[in-house]
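Have a look at the model first, then read on.

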Amino acid sequence: MTTARSGAHTSASASATAPGGRRFRLRRGPGRRVTPLLLAGGLCPGALTATGTAAQAGQPARSGPPGTPDASGVGIVDSTRHGGRTLALTFDDGPNPTDTPQLLKVLRKRHVKAVFCLWGDHVREHPELVRAIVAGGHTLCNHTMRHEDLATWTPERIRADLERTNAEIRRAVPGVRIPYFRAPYGSWGQSPDVAYSLGMQPLGWRLAIGDWEPPGTDELVRRIKEGITPGAVVLMHDGGGDRSQTVAAVDRIVPELRSQGWRFERPARRA
């Protein structure tokens with residue numbers, strides 16, 4: 001679990017350009033890790049080490065050991081329910097009419113249940129895909145209405161956005177449970193308190209594979225294989241752009257990891 005902070009490592013930085021012309025800063029922390037922090041645009045950030053291996057990304061920096069809550073006592077889950085050789089797959093920024101159905105087919109074929117972090121405007125445009133996600137036995141996560149940075153928002157503004165997003169989801173699937181909330185860009189601000197008060201556990205991640213680039217299916221598979229740690233929540237995307245490479249990577253990596261003794265389960269429900 002991570003703490004609800006929006007700070008990042010402080011040290012020398014440089015700038016670069018993500019696909020689509022989005023600018024981000026490369027901030028170097030300890031060792032060789034380089035963390036891209038997107039400054040604009042609609043995608044969740046990914047992160048790579050200097051060698052290109054997927055690493056923890058866009059996450060609020062830890063101020064203590066795993067499990068340390070934020071100042072208000074609300075922690076951010078980034079681990080599975082049982083730990084050990086397990087992973088939790090999570091997908092942001094959907095639903096996407098092109099790639100979400102294909103991803104659902106892959107997950108059904110591979111017998112994996114995942115968490116879908118839903119973008120409210122996309123839910124309103126494609127409610128049938130939300131119904132398909134729920135029908136597949138997957139878990140829902142509130143990812144805000146328009147994927148905006150919450151760092152400076154007041155609790156009242158955050159609450160209004162999260163309630164509106166939940167209403168859109170439940171308009172598609174009346175009465176559905178929404179047990180998780182994930183802040184866009186990992187920029188939490190005061191949102192953990194608000195989400196928790198609405199019955200949603202703040203959901204972070206340990207591994208982001210940078211599929212927003214996109215770097216190719218082979219590279220995504222490599223990043224998963226080299227970046228996973230026991231009990232990790234993994235951040236990927238089924239929306240926000242062409243996610244066919246992510247779908248193909250999931251199809252390839254699940255049987256390979258299973259053959260190595262990995263199991264797939266949901267994130268923990270409490271920090």
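The points below go through the cores, a helix, the charged and aromatic pairs, and the backbone.

1. **Ground rules.** This is a predicted model, in which local features need pLDDT of at least 70, side-chain atom pairs count only at pLDDT 80 or more, and totals for chains, interfaces and linings use all residues. Residues are numbered from 1 along each chain as its sequence is written, and side-chain values use heavy atoms, with hydrogens and water left out.

2. **The largest core.** A nonpolar core here is a set of buried Ala, Val, Leu, Ile, Met, Phe, Trp, Tyr and Cys residues joined through side-chain atoms within 4.5 Å. Buried means under 20% relative accessible area, exposed over 50%, and partly exposed in between (1.4 Å probe, protein chains only). The largest core has 48 residues, and F91 and F116 touch the most other members. Helix α7 gives the most to this core, with six residues. Helices (H or I, at least four residues) and strands (E, at least two) are DSSP runs, numbered from the N terminus.

3. What does F91 touch, leaving aside its neighbours within four places in sequence? Its contacts (heavy atoms within 4.5 Å) include L103, L107, F116, M236, T246 and V250. Another core, of twelve residues, lies apart from the largest one, and A88, V115, C117 and W205 are among its members.

4. **Helix α1.** In α1 (residues 100-110), the buried residues are T100, L103, L104, V106 and L107. They lie on the same side of the helix because they cover an arc of only 160° around the axis, the arc being that of the directions from the helix axis to the C-beta atoms. These buried residues pack against β5 (86-94), β6 (115-118), α3 (127-135) and α7. After α1 comes H111, with a positive phi near 60°.

5. I count a salt bridge when a side-chain nitrogen of Lys or Arg is within 4 Å of a carboxyl oxygen of Asp or Glu; the structure holds 15. One of them joins E163 and R159 at 3.8 Å, N to O. The two are four residues apart in helix α4 (residues 155-172), which means about one helical turn between them. E163 is partly exposed at 40% relative accessible area, and R159 is partly exposed at 31%. Another bridge pairs E219 with R223, whose closest N and O atoms are 2.9 Å apart. Both E219 and R223 are buried. Through shared partners, salt bridges join E213, E219, R222, R223 and E226 into one network.

6. **A salt bridge between helices.** Which residue pairs with D218? D218 bridges to R252, with the closest N and O atoms 2.7 Å apart. D218 is in helix α6 (residues 217-227) and R252 is in helix α7 (residues 244-259), so the pair ties together parts that are 34 residues apart in sequence. D218 is exposed, at 55% relative accessible area, whereas R252 is partly exposed at 41%.

7. **Aromatic rings.** Rings of Phe, Tyr and Trp (its six-membered ring) pair if their centres lie within 6.5 Å; planes under 30 degrees apart count as stacked, over 60 as edge-to-face and the rest as tilted. There are two such pairs in the structure. One of them, F181 with W188, is edge-to-face, at 5.9 Å centre to centre and 75° between the planes. F181 is buried at 0% relative accessible area, and W188 is buried at 0% relative accessibility.

8. **Charges over rings.** The rule is NZ of Lys or CZ of Arg within 6 Å of the ring centre and within 35 degrees of the ring normal. The charged end of R157 sits over the ring of W153, 3.7 Å from its centre. The charged end of R269 sits over the ring of Y180, 5.5 Å from its centre.

9. **Backbone spots to check by eye.** Most residues other than glycine have a negative phi, and most peptide bonds are trans. The G94 to P95 bond is cis, with omega near 5°, and P95 is in the loop between β5 and α1. The E213 to P214 bond is also cis, with omega near -20°; P214 is in the loop between β10 (207-208) and α6. D93, not a glycine, has a positive phi of about 75°. D93 belongs to strand β5 and is buried at 0% relative accessibility. H147 has a positive phi near 60°, is in the loop between β7 (139-142) and α4, and is buried at 3% relative accessibility.
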